[in-house]
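I opened my notebook today to look up how charged side chains pair up.

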Amino acid sequence: MSSNPRVILASASPRRRELLRQVGVVFRVVVAEVDESVIPGEEPAAYVLRVARDKALTVQASERTSLPVLGADTSVVLDQSILGKPADRAGAISMLRSLSGRTHEVYSAAVLVQAGQPARECLNISRVTFAELDPDWIAAYCDTGDSMDKAGAYGVQGLAAEKICRIEGSFSGVMGLPLYETCQLLRQAEVLF
């Protein structure tokens, strides 16, 4: 396999890097700085697609590259409210309490942009159910730091896995990048064969 990058990943997420490596994609990372604020009235699907698109387009413009640029975004949605990344430990505790014993949705979008071609987009929606979360467990989990920098204050691939009793949909999508759909985009752009 060539060591030359075939795509640019417009994300700082170590989980997205891990997932792309898992399927053999050779890439380089350029972090996109975009405003991830929710626009009032914005639906979750529109939100994650917009942020993923903004990341890809921002990096494409700054790098002026012919390589395809992949942007992605993932949000946890409970009762149609988007739960972003917690600002602090108290925010993480509050989010986890709201998710306790309930089913929520995880919206995960990927957008691939390439010069001279229309943007390619995909969206995956998965459902995740947490067991009842004891307040002591929530506090101990938040003390590990695993709840920070993750939508909904948890990582499906980390310590929170012991409390997730059901996933309907894409594990990789909940982790941060829906691999099946993303690989379809990469094949269309001839990044994967």
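I began with a definition: a salt bridge is a side-chain nitrogen of Lys or Arg within 4 Å of a carboxyl oxygen of Asp or Glu. My model is predicted, so to speak of local features I need pLDDT of at least 70, and side-chain atom pairs count only at pLDDT 80 or more, while totals for chains, interfaces and linings use all residues. Residues are numbered from 1 along each chain as its sequence is written, and side-chain values use heavy atoms, with hydrogens and water left out.

**Entry 1: the count.** I found ten salt bridges in the structure.

**Entry 2: R102 and D79.** I looked up this pair and read 2.8 Å between the closest N and O atoms. R102 sits in the loop between α3 (89-99) and β5 (103-113), and D79 in the loop between β3 (69-78) and β4 (81-83), 23 residues apart. Helices (H or I, at least four residues) and strands (E, at least two) are DSSP runs, numbered from the N terminus.

**Entry 3: buried or exposed?** I call a residue buried under 20% relative accessible area, exposed over 50%, and partly exposed in between (1.4 Å probe, protein chains only). R102 is partly exposed at 32%, and D79 is exposed at 56%.

**Entry 4: D143 and R89.** Here I noted a salt bridge of 2.9 Å, N to O. D143 lies in helix α4 (residues 135-143) and R89 in helix α3, so the pair ties together parts 54 residues apart in sequence.

**Entry 5: R50 and E42.** Their closest N and O atoms are 2.7 Å apart. R50 is buried at 15%, and E42 is buried at 16%.
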